[in-house]
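Here is a short report on the packing inside one protein chain. Keep the structure open while you read.

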Amino acid sequence: MTGEDRLRWFNEARFGLYVHFGLYSLLGRGEWTMYSERIPPAEYAALADRFRPVPGAAREWCEAAKLAGAKYIVLTTRHHEGFSLFDSAYSDFTSARHGCRRDIVREFTDAARAAGLRVGLYYSLLDWRFPGYFEPDRYPESQAALVEYVHRQVRELMTRYGTIDLLEYDGGWMHDLKGGRERQIDFWRSRELNAMVRELQPGIIINDRSGLPEDLDTPEQEVRASRSGRGWESCMCIGDSCCWGYTRFNPNWKTPAQLIQHLVSAAAGEGNFLLNIGPAPDGRVRGEELDRLRVIGRWLSSNGAAVRDSRGCDLIGASQPGQVDLNLQGCWTRRGRTAYWCVFRWPGTTATAVRVGTRPLRVRMLATGEEFPFEYHELSGRFIIRGLPELPPDGLCTVLEVEFASEPALKVEPSPADWLLG
Ligand code: GLC
């Protein structure tokens, strides 16, 4: 299967839900607490017996994903703290042997499939409990044991839970941050690891965090497009950047409009948006998150055509430089001859796009189908849509669907001063 084939469903989806859940969720101070508070493993391990997500928690995460209009869902099967949410022959520190004594990964993969979602598993290569991770030269045996255990656990994840659509590695960096990707690949024996994964799961998409590029670039907390043709996915917290795992007190929630703009910007750059939630200690999805997911889902139900399976579009709105992350007025996406102008900052009754090099045939509001008159000046490339409502029809993002005579293209301005002549 070629990389392009593997990425087909992923590019159609454009939007996934990330779930960070582990022992750190019980503490409510983010998923790095064990390390950042230097809690010794023996003390931290006591949390395991308190790990009792409500029955049906995984179903609730999947329902939240559906509500939001996400097409896939990714669960942290083991984060840096080392607690596995699955039954493992290579670790006692698991949800199957402590607390709830359940295989949460099994519940999750079953629930995701039942909900019609593609299944993604996050797995952290590093595990803070191994001194050999921090100082491989000083603790070579621990380092070797860590890597062996990682390979075996990845094999378990790839063989016990049916088809896995997406594998999201994390924690592949060296603790001293030295040596770049080559050292990571060496340390984790990533080539061997990923060859095993591909043999066991031929259609799987693998991210770039084992040090090898594989299928996906994964910028974090920002929407950053890769070169055209390369798969990419921006993951982002629904609150601010330091809380992937449940953070009990965090005043900085992103607004629904911000979240939709990130999703649209990712689609405009031909990439995906993986939005993260951090369920509460009992595994329930908190209200602040659910509210935001619901709003995104509502928006997608009438505007999904602008992002699903969309391609990048050259066109620019008025007075914007066109970069994915620098959209002043909004951004354009495209499918065939149809383009979608996703307007973030509503201009009032007239919307002007410039340097349009292709003849527009029809303008409609995507959510309502209402048509609007327009003018197109072929020589200058000015495209003026008139008769729009004074106030934004959708306060989050209004999408204007424009059908063009052929695939829309940007006009080259022969001289930057020509427009002054009218
Ligand atoms: C980072 C963090 C981690 C988080 C992840 C999300 O690498 O270490 O806590 O899970 O990114 O992709």
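## A buried ring pair

Phe21 and Phe51 are both buried; buried means under 20% relative accessible area, exposed over 50%, and partly exposed in between, with a 1.4 Å probe and protein chains only. This is a predicted model, where local features need pLDDT of at least 70, side-chain atom pairs count only at pLDDT 80 or more, and totals for chains, interfaces and linings use all residues. Residues are numbered from 1 along each chain as its sequence is written, and side-chain values use heavy atoms, with hydrogens and water left out.

The structure holds 23 aromatic pairs. Rings of Phe, Tyr and Trp (its six-membered ring) pair if their centres lie within 6.5 Å; planes under 30 degrees apart count as stacked, over 60 as edge-to-face and the rest as tilted. Phe21 and Phe51 make a tilted pair, with 5.2 Å between centres and 40° between planes. Helices (H or I, at least four residues) and strands (E, at least two) are DSSP runs, numbered from the N terminus.

## An aromatic cluster

Tyr133 and Phe134 pair edge-to-face, at 5.2 Å centre to centre and 70° between the planes. Tyr133 is buried, at 2% relative accessible area. Phe134 is partly exposed, at 25%.

Both rings belong to a cluster linked by ring pairs: Trp32, Tyr35, Trp128, Tyr133, Phe134, Trp173, Phe187 and Trp188. Over the ring of Tyr35 sits the charged end of Arg38, 4.4 Å from the ring centre. The criterion is NZ of Lys or CZ of Arg within 6 Å of the ring centre and within 35 degrees of the ring normal.

## Nonpolar cores

The largest nonpolar core has 90 residues. Such a core is a set of buried Ala, Val, Leu, Ile, Met, Phe, Trp, Tyr and Cys residues joined through side-chain atoms within 4.5 Å. Trp61, Ile73 and Trp188 have the most contacts inside it. Apart from this core lies another, of 20 residues, among them Leu315, Trp341, Val343 and Val363.

Beyond four places in sequence, Trp188 has contacts (heavy atoms within 4.5 Å) that include Leu125, Tyr133, Val147, His151 and Met174.

## His151

His151 lies in helix α9 (residues 140–160). At 7% relative accessibility, His151 counts as buried. Its side chain reaches the backbone oxygen of Trp188 at 2.8 Å. Leaving out residues up to four places away in sequence, His151 touches Trp188, Arg189, Glu192, Leu193 and Met196.

## Helix α6

The end C-alpha atoms of α6 are 17 Å apart, which agrees with the 16 Å that its 12 residues should span at 1.5 Å a residue. The expected span is 1.5 Å times one less than the number of residues. Buried residues of α6 are Ala57, Ala58, Glu60, Trp61, Cys62, Ala64, Ala65 and Ala68. Their cover includes β1, β2 (72–78), α7 (104–114) and α13 (287–303). Just after α6, Gly69 takes a positive phi of about 85°.

## Gly336

Gly336 sits in the loop between β11 (330–335) and β12 (338–343). At 40% relative accessibility, Gly336 is partly exposed. Gly336 touches Glu407 and Pro408, not counting residues up to four places away in sequence. The C-alpha atoms of Gly336 and Arg311 are separated by 8.4 Å, and these residues are 25 apart along the chain.

Conventions. A polar contact is a pair of N or O atoms within 3.5 Å; within protein, one must be able to donate a hydrogen and the other to accept it, and residues adjacent in sequence count only if both atoms are side-chain atoms.
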